[in-house]
Amino acid sequence: MIRYKTLLVALCMLMPALAMADDENARITPLLTTTETIAGQPIVVPAHPKLQAMMFTIAPGQSLPIHKHPYIRYAYVEKGALDVTLVDQKKTLHFKAGDFFAEAIDAWHYGTNNGKVPVELLIIDQMPQDVESNTVKQAR
């Protein structure tokens, strides 16, 4: 597995080119710089990962079932507010529109929309090419 720092170094090498685009025709707004997940784990990316992106909507008052992600998953809150509870750590984190975070890897958690509007998330997974889903639901 390739450490996230390798990806971060590659992105940093591109920053001078990206900075040139920051003029009157375009603006760059940094969202997140981290080497850890929300559970404090180092971000690890599989070698030659498959990238999967999706939009995810959680209705007001709804909670997702307890689940985990074997591989890194990033989430950007486009609308609403989301509470993420890390079950083993007995800790709940709060994210609002505009927040971007790296979810816990292989740790049981769930998300809850305690607000009055749907939560809209942009989800990005990086997983091995032969993996179909990056979500494992906890058995009841």
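Is Lys 90 buried or exposed? Lys 90 is exposed, at a relative accessible area of 75%, where exposed means over 50%, buried under 20% and partly exposed in between (1.4 Å probe, protein chains only). Keep in mind that this is a predicted model, so local features need pLDDT of at least 70 and side-chain atom pairs count only at pLDDT 80 or more, while totals for chains, interfaces and linings use all residues. Residues are numbered from 1 along each chain as its sequence is written, and side-chain values use heavy atoms, with hydrogens and water left out.

- The mean pLDDT is 89, and 84% of the residues reach 70 or more; pLDDT is the predictor's confidence in each residue, from 0 to 100.
- Where pLDDT is low, the predicted coordinates should not be read in detail.

**The overall build**

- The protein has 1 helix and 11 strands, taken as DSSP runs numbered from the N terminus (helices: H or I, at least four residues; strands: E, at least two).
- Along the sequence, the pattern reads β-α-β-β-β-β-β-β-β-β-β-β.
- Of the 140 residues, 31% count as buried.
- Take the contacts between residues at least 6 apart in sequence: 79% of them join residues at least 24 apart.

- Four strands make an open sheet in the order 3-10-5-8, with antiparallel pairing; two strands pair if DSSP finds at least two bridges between them.
- Strand 3 and strand 8 (100–102) sit at the edges with a single partner strand each, so one side of each is left without a neighbour in the sheet.
- From one strand to the next, the twist averages 20 degrees, using axes fitted as lines to C-alpha atoms (for helices, over the stretch in contact) and angles from 0 to 180 degrees between N-to-C directions.
- Strand 3 (residues 50–58) pairs with strand 10 over 9 bridges, and Met 54 has Ile 123 in strand 10 as its bridge partner.
- Strand 5 pairs with strand 10 over 6 bridges; here Tyr 76 has Leu 122 as its partner in strand 10.
- Strand 5 is also joined to strand 8, by 3 bridges, and Ala 75 is partnered with Phe 101 in strand 8.

**The nonpolar cores**

- The largest nonpolar core has 15 residues, and those with the most contacts inside it include Ile 38, Leu 82 and Phe 101; such a core is a set of buried Ala, Val, Leu, Ile, Met, Phe, Trp, Tyr and Cys residues joined through side-chain atoms within 4.5 Å.
- Strand 5 (73–79), strand 6 (81–86) and strand 10 (119–127) are the elements that give two or more residues to this core.
- A second, separate core of 6 residues includes Ile 43, Val 45, Tyr 74 and Ile 105.
- Beyond its neighbours within four places in sequence, Leu 82 is in contact with several residues, among them Ile 58, Phe 95, Phe 101 and Leu 121.

**Two loop residues with positive phi**

- Back to Lys 90: it is found in the loop between strand 6 and strand 7 (91–96), and its phi is near 50 degrees, a positive value in a residue other than glycine.
- Asp 106, in the loop between strand 8 and strand 9 (109–112), has a phi near 55 degrees.
- At 48% relative accessibility, Asp 106 counts as partly exposed.

Key. Contact means heavy atoms within 4.5 Å.
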